[in-house]
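Subject: Structure handover and what was found in it

Dear colleague,

Please find below the structure that I promised to pass on to you.

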Amino acid sequence: MEFTKTQDKFIRHRSSGYQVLKGKEGTGKSTVSIYKALNLENNYCLYEDDKVLFVTSNYSKNMDAIELYNKENNKEYFYSLFSLDKERVSIVTLEELLNTYYNAYIREKGQIFKKINRSQAIEILSGLKDEIEYFCRKSKFIKKISLEFLLDEILWIKASNFELEEYLSVDRKGRKERIKKNSYTRESIYKIKELYNEKLLSDFFVDEYDHVLFAISYLKRFKGLYSHVILDDIEKLTKAEIDFVKRLYKERSYSSFVFILNSELNNNENSWMIKGRKFNTLGVDVKGKSFNFKLKFEKKEKKVNTIERYKYVNLKNKNIVEFNIDTSSNNKELYDDDENTVYAENELADIPMFNNIAAGNPIEINDNIEGFFHLPKYWLEKGKDSFILRVKGDSMVDKNICDGDLVVIKKQLNANHNDIVAASLDGEATLKTLNLNGESPKLMPANSLYSPIKLENKDVSILGVAIGVIKELSNN
């Protein structure tokens, strides 16, 4: 790929420490940063434990980044003496990272927390009426504000990961009302926040920002895990989220941390990098290490390949079939590579596809059908309805069921020992092996990094049994 001088300078920039890449939407910041990651991997990962972390803001961007990295990582743009055969770049969404360490935290605590909504949070504050009344005696400000405002301020404190001293002196840029720095009012609001937190935890509740704070708490035992970090869409993140990613950074003389900022500032609620906020408020120095992409990024048109290649793994007899689907064809058909056979529409079954199922920690299952996948009827069990779920996570990798795979599920309400099942666990869906040995049933992962899930005293139901796995193959 051809780069502009500014892009090439950013990619090959040798300075270590914190750096900023700015630009409007469409200037190629995220795309060019993948080549930055490749350069870091091949030239600035000097030791065996050096790794590069690329953090994206959503699933779509993550898939695009992974696709580009996989396409370019074997090319010799940046190869050096430090290049290794193994990949040392991790491309993950912020949500995936947070969930990893949040779940590790709650596993260690041995406690399950339930997330509350805003009206429930207001109820908790209402229950602190007497305590709040005490602070009202010396603060006219607290006396006049609503519980809604008080909750917003508490959530901002949590979203910003403030200690008391930080909150007392911070510039509340962009916030409603004015609260004098180092005042009794600020100190009182912080103490109310602590009372609110105590009540939450005593009732085993969490609000929308606790998962970040718990993840940060878990990471405090580590001294950085990645020598190079690239954090995309920082304008959308809270200070706590940024602090969380910073804790993953292992500072060495050659290491680097790149913030990617959309200069149009499409902020989310409680985002930290609002207009006028400087990077030094994050405790970093980026002076002289800022790049600004001003030109629209133009990609060369590439030939569209309409043939999608897959393989189907039959979990019962372990038979594997490779097949193709031509997405440009008006006819609904499937081509079996192994048998050199074309299955016509009347030989195919339309199977509904749903959103992600967790092969890791349980996630909510979305009832919306995202589309249909057609497979030969004889690959399925007669008289049984089937559906497809997309796997998210790596806890079933030892069964060769990987992140992004499509799992074909036969609908049924019961299962046998050692069946791979889609199960609804406390209202959330997960994919695991059912173990009926022992005193109580368990859902077993196929990855030693994850713990079994005991089903005793839990609201669990079987959605179905996995009968096949569809894996997408590269067209290269």
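At roughly what angle do the axes of helix α2 and α3 cross, and within what distance do they come? The axes of α2 (residues 29-43) and α3 come within 10 Å and cross at roughly 45 degrees, where axes are lines fitted to C-alpha atoms, for helices over the stretch in contact, and angles run from 0 to 180 degrees between N-to-C directions. That makes α2 oblique to α3, because angles under 35 degrees count as roughly parallel, over 145 as roughly antiparallel, 65 to 115 as roughly perpendicular and the rest as oblique. The contact (heavy atoms within 4.5 Å) involves Ser30, Thr31, Ile34, Tyr35, Leu38 and Glu41 on the α2 side, and Lys61, Ala65, Leu68, Tyr69 and Glu72 on the α3 side.

Before going further, please keep in mind that this is a predicted model, in which local features need pLDDT of at least 70 and side-chain atom pairs count only at pLDDT 80 or more, while totals for chains, interfaces and linings use all residues. Residues are numbered from 1 along each chain as its sequence is written, and side-chain values use heavy atoms, with hydrogens and water left out. The names of helices (H or I, at least four residues) and strands (E, at least two) refer to DSSP runs, numbered from the N terminus.

Next comes the sheet. It is an open sheet of 6 strands in the order β3-β2-β6-β7-β1-β8, with parallel pairing; two strands pair if DSSP finds at least two bridges between them. At the edges are β3 (89-93) and β8 (290-293), each of which pairs on one side only. Neighbouring strands of this sheet are turned by 15 degrees against each other on average, direction ignored. Within the sheet, β1 (residues 17-23) and β7 (residues 256-262) run parallel and are joined by 7 bridges, and valine 20 has phenylalanine 259 in β7 as its bridge partner. Helix α12 (residues 239-247) packs on the sheet, where it touches β1, β2, β6 (228-231) and β7, and its direction makes about 155 degrees with that of β7.

A search of the whole structure finds 24 of them. One of these joins lysine 239 to glutamate 166, at 3.9 Å from N to O. Lysine 239 lies in helix α12 and glutamate 166 in helix α9 (residues 164-169), so the pair ties together parts that are 73 residues apart in sequence. Lysine 239 is buried, at a relative accessible area of 6%, whereas glutamate 166 is partly exposed at 32% (buried means under 20% relative accessible area, exposed over 50%, partly exposed in between, with a 1.4 Å probe and protein chains only). Another salt bridge links lysine 199 and aspartate 203, whose closest N and O atoms are 3.3 Å apart; lysine 199 is partly exposed at 37%, and aspartate 203 is partly exposed at 30%. There is also a network of salt bridges that links Asp49, Asp50, Lys250 and Arg252.

Definitions and conventions
Salt bridge = Lys/Arg side-chain N within 4 Å of Asp/Glu carboxyl O.
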